[in-house]
Every structure is written in structure tokens, then in C-alpha cells.
Amino acid sequence: MPTSESTPVLLLSRGDVRELLSMDDCIEAVENAFVAAADGRAPQPRALGFSAADGGFHVKVASLALERPYFVAKLNANFPSNRERFGLPTIQGLVLLTDSENGRPLAVLDSMEITILRTGAATAVAARRLARADASVVTILGCGNQGRVSLRALSRVRALQRVYLWDIDADAAARLANEARAEHGQAIVMEVISDRTSGTRESDIVVTCTPSREPILMRGDVRVGTFVAAVGADSETKHEIAVDLLRGAKVVTDDAEQCSRIGDLHHAIAAGALRCDEVHANLGDVLSGKKPGREGEDEIILFDSTGTALQDVAAAALVYERAAASGRGTPFSFA
């Protein structure tokens, strides 16, 4: 896909991203990116966090060679009280996609849809390899956009039969239940619960996607053989998974170095309950066959998912290539 100085930059909205990137394609793109990193074909992604009142910002960068060599820089703002205070989304931001061979800007994309989709895709990639093959009962803790996409992604990789939905806002759980029933019909039973442990103790898969700063999932809350995707903690102030659960689980990370700084893993390290070298593997190492995944039906496996720019560049590049090929997006120039 050659470019010249006159080639315009594409502005791609959230709607463009949604139309151009299916969940199935995002799952495949994210999995391939994890494998590329494990095989040494992608540099270590980087992240920088910056705290603010009631929220914070992070900048994440990565590069990946696909149709061409791509580089992404993503700026995300994360303010959990936005909806109540300002009527705004929790997550807002931009993705800048460039050609990493010559630095030319290629596209500016909405980051909200990219972030939600690639995070759900990572959960599905991990669940496909680390959850039991017969896993069919799920609890989603946190029923905002990420909970919604996590459920959709999991339904692509496991034959779900029952889903328990919990949120501190019961109305949010009820809305997701109604939306999921409309999407899946009677194939999956949706049940809103007020006691989160009534779901987690009956589930094969548990997804935590909340902004909690205190643990909401303890070792006694899950049964043997459970796969846990810890999605919410993406800064050092967030904390969803109790130290005793991390200590008692096989821990797989999206990026161990990043998780040791901003994921639930970093709380276990700070408490002296776990060392970084005790992490079983990065997900890419499991996917590439360098490390085993599930080795027993009774293993509790926890995926610490802080979200890396490697996922962002894989998703954004695919959106851009499809937009350029189909004439989608708004072209503009910085000149």
C-alpha cells in the first residue's frame, strides 16, 4: 500500500471502527500479535501513566510489521465517574497510526472502540487456550462497555449456557442482560445477581472489568478449574483481584513487565506474596507453544490483562487497511 507526501491521513470515527472490525477478526489479529511478540518479531511495547483527579491518562506505544511496518501511539483518558458527572464515556482518546519505516502519519482513530474490542479479543484469546474445554458458565463482574464486549468475545470461543451478571449499578447489569438476551435469544441463560459470589462460585470463567480500587474477587470466591480474566486494573491504583487468589493461581500475563507495574500482579508483588519470576508465562509464550497452557482440570488460571499497545496496533492497522481499501473515513492533511 504505497504512500506519497500527498496521501491524506484518514480520520476514522468510532462508527468506522465498529463497522470495519468484527470481533472474530479482532480476535485473530490480537492472537497473531501476541505470537509475533513471543517469537521476537515485535519490539517490547511501552506504557506511560499519568494520574489526574478522579481518573488518569495513559500513553501506550508499539510497532508491528504487517502489510507494512506500523507504529501506534494511543492516548487514553480513563475517568470512571464521567457518566454521572458529565454524561461522558469513561474512556476517551485517540490512536495515531503511522508508517514505522518513514514516520508518515496514516490515520487518527477513535480509541474507545479500539480499546474495548481489542481488550475483549484478548480475553477470548486467553480463554480459548486457558479455560477448560467444557467451560460453559460465566460470571461478568462489571457490566459497562467492557463487560458487554467481554461476553460477546467469550461467546465466540466457548459454548456458553449460563451467564451471571453483576454490577454495583444493578440497572447496568439488567440492561446488559436484556441486550444479551436480544443478541443470543434463549441459547444462553442470563441472570442478574446481587451477590457476586453466588455467580463466581458456580462459574467456569470469571471476568472482572470494573474500576475498583479494592479487591472484589478472593480465592474463596472461585472453584477449582476456574479461568479468571482480570481486565479492570490498568493503573497502579486499581485493584480487583485479592492477593490470596493471585498467589494460589497459575498467573498468565499479557505483558509481565507491565503487569508488575500497573496490573493486579503489582499488588501481589508489593505484598510480598508473588515475585515477577513466579509468573507462569506471557500469553504469547503459551500461544506460540513455548510454555504450556492448562495442564490440569483443577488448575485455577488467572490472566492479568492490562492491555498493551501491541493489541492496539494490530487492531488499528486492520481497520486502516480496510478503510483505505474501501474508501471509508474522512481524509485530511496536516499541511
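Which strand holds threonine 208? Threonine 208 sits in strand E10, which spans residues 205–208. The model is predicted. The protein has 12 helices and 15 strands.

**Overall dimensions and packing**

- Along the principal axes, the C-alpha atoms fill a box of roughly 60 × 40 × 40 Å.
- Of the 335 residues, 57% count as buried.
- Take the contacts with a separation of 6 or more: residues 24 or more positions apart account for 71% of them.

- The protein exposes about 13,900 Å².

**Threonine 208**

- Is threonine 208 buried or exposed? Its relative accessible area is 0%, so threonine 208 is buried, the cut-off being under 20%.
- Which residues does threonine 208 contact, leaving aside neighbours within four places in sequence? They are Leu141, Ile216, Leu217, Ala229, Ala230, Val231, Gly232, Glu240 and Ile241.

**Aromatic pairs**

- How many aromatic pairs does a search of the whole structure find? The search finds three.
- One of them joins phenylalanine 57 and phenylalanine 79, with ring centres 5.5 Å apart.
- The planes of these two rings stand at 75 degrees, so the pair is edge-to-face; the cut-off for that class is over 60.
- Phenylalanine 57 lies in strand E3 (residues 55–65). Phenylalanine 79 lies in the loop between strand E4 (69–78) and helix H3 (82–86).
- The pair therefore ties together parts that are 22 residues apart in sequence.
- Phenylalanine 57 has 34% relative accessibility and counts as partly exposed. Phenylalanine 79, at 17%, counts as buried.
- Phenylalanine 332 and phenylalanine 334 also form a pair, with ring centres 5.1 Å apart.
- Their planes are at 75 degrees, so this pair is edge-to-face.
- Phenylalanine 332 is partly exposed, with a relative accessible area of 26%.
- Phenylalanine 334 has 60% relative accessibility, so it counts as exposed, for which the cut-off is over 50%.

Note on methods
Residues numbered from 1 in each chain as written. Predicted model: local features only at pLDDT ≥ 70, side-chain atom pairs only at ≥ 80, totals over all residues. Heavy atoms only, no water. Helix = DSSP H or I, 4+ residues; strand = E, 2+ residues; numbered from the N terminus. Buried < 20%, exposed > 50% of the residue type's maximum accessible area, 1.4 Å probe, protein only. Contact = heavy atoms within 4.5 Å. Areas by Shrake-Rupley, 256 points an atom, 1.4 Å probe, with all protein chains shown as cover. Phe/Tyr/Trp six-rings, centres within 6.5 Å; stacked < 30°, edge-to-face > 60°.
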